[in-house]
Each structure stands twice: as C-alpha cells, then as structure tokens.
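Hello,

Here is the model I promised to pass on to you. Have a look at it first, and then read on for my notes.

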Amino acid sequence: MPVKKAAVKANKRSIKQRETNLQAKTAMKKAVKELKKAVVAGSSDVKTLAIKAQSLVAKAQKNNIVHKNNAARKQSQIAKMAK
C-alpha cells in the first residue's frame with residue numbers, strides 16, 4: 001500500500017483510468033464482433049455497424065487506449081469486412 005498522500009491519490013486515479021480504458025476497449029471489441037456476425041449473417045446494416053466500429057477504434061486511439069498502428073490495422077480490417 002502507498003504511504004504518501006500523493007501516492008494514494010495516484011493509485012486512485014490509476015484505478016479510475018483503468019476502468020474507463022477497459023470500458024472503451026470492451027465497447028470497441030464488441031462493436032467489431034457485432035460487425036463480424038453481421039457480415040457472416042449477410043445482414044443489411046453492415047455499413048452502419050462498420051461506421052460505428054471505426055468510430056470507436058478511432059476514439060480509443062485518440063485517447064491512447066490502443067496504439068496508433070493497432071488502430072490503423074483494425075480500421076483497415078473493418079473497411080475490408082464492410083466491402
């Protein structure tokens with residue numbers, strides 16, 4: 001356990017940041033999985049799901065949750081799936 005007051009605060013802050021990062025990452029992964037299911041099923045709403053997934057990937061990259069190259073690769077794969 002941290003002893004100093006600043007260390008306690010930093011620990012609390014890192015826990016909150018971890019939670020928000022996990023929420024964003026989970027939302028991104030769920031959107032990509034929904035898109036994959038829609039593509040396999042031949043659904044008509046593939047374009048909207050692709051836009052949503054790309055948006056979530058871009059937001060995660062902007063907030064440094066995923067690396068920019070990882071985000072670029074995911075967006076490329078999403079665009080390829082949506083074709």
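Which residues have the most contacts inside the largest nonpolar core? They are Leu35 and Ile78, in a core of 16 residues. By nonpolar core I mean a set of buried Ala, Val, Leu, Ile, Met, Phe, Trp, Tyr and Cys residues joined through side-chain atoms within 4.5 Å. Buried stands for under 20% relative accessible area, exposed for over 50%, and partly exposed for what lies in between (1.4 Å probe, protein chains only).

Before the details, a word on the source. This is a predicted model, in which local features need pLDDT of at least 70 and side-chain atom pairs count only at pLDDT 80 or more, while totals for chains, interfaces and linings use all residues. Residues are numbered from 1 along each chain as its sequence is written, and side-chain values use heavy atoms, with hydrogens and water left out.

The overall picture

The protein chain has 3 helices and 0 strands, in the order α-α-α along the sequence. Helices (H or I, at least four residues) and strands (E, at least two) are DSSP runs, numbered from the N terminus. The C-alpha atoms fill a box of roughly 55 × 20 × 15 Å along the principal axes. The radius of gyration of the protein chain is 17 Å, whereas a compact globule of 83 residues would have one near 12 Å. That radius is taken over C-alpha atoms, and the globule rule is 2.2 Å times the number of residues to the power 0.38.

Of the 83 residues, 19% count as buried. The protein chain exposes about 6500 Å², with carbon and sulfur atoms supplying 54% of it; accessible areas come from the Shrake-Rupley method with a 1.4 Å probe, and for residues only the protein chains shown count as cover. Taking contacts between residues at least 6 apart in sequence, 49% join residues at least 24 apart, where a contact means heavy atoms within 4.5 Å.

α2 gives the most, with 6 residues. Leu35 touches Val46, Leu49, Ala50, Ile78 and Met81, leaving aside residues up to four places away in sequence.

α1 has 37 residues and reaches 54 Å from its first C-alpha to its last, close to the 54 Å expected at 1.5 Å a residue. The expected span is 1.5 Å times one less than the number of residues in the helix. Its buried residues are Met28, Ala31, Val32, Leu35 and Ala38, and they pack against α2 and α3. Lys33, also in α1, is exposed at a relative accessible area of 56%. After α1 comes Gly42, with a positive phi near 75°.

α2 has 17 residues and reaches 24 Å from first C-alpha to last, close to the 24 Å expected at 1.5 Å a residue. Val46, Leu49, Ala50, Ala53, Val57 and Ala60 are the buried residues of α2. They cover an arc of only 100° around the axis, so they sit on the same side of α2; the arc is that of the directions from the helix axis to the C-beta atoms. These buried residues pack against α1 and α3. The face turned away from the buried side of α2 carries the exposed residues Lys47, Thr48, Ile51 and Lys62.

In the loop between α2 and α3 you will find Asn64. Its phi is near 60°, a positive value in a residue other than glycine. Most residues other than glycine have a negative phi. Asn64 is exposed, with a relative accessible area of 67%.

α3 has 15 residues and spans 21 Å from its first C-alpha to its last, close to the 21 Å expected at 1.5 Å a residue. Ala71, Ile78 and Ala82 are buried in α3. Seen down the axis of α3, these buried residues fall within an arc of 30°, so they line one face of the helix. What covers them includes α1 and α2.

Best wishes
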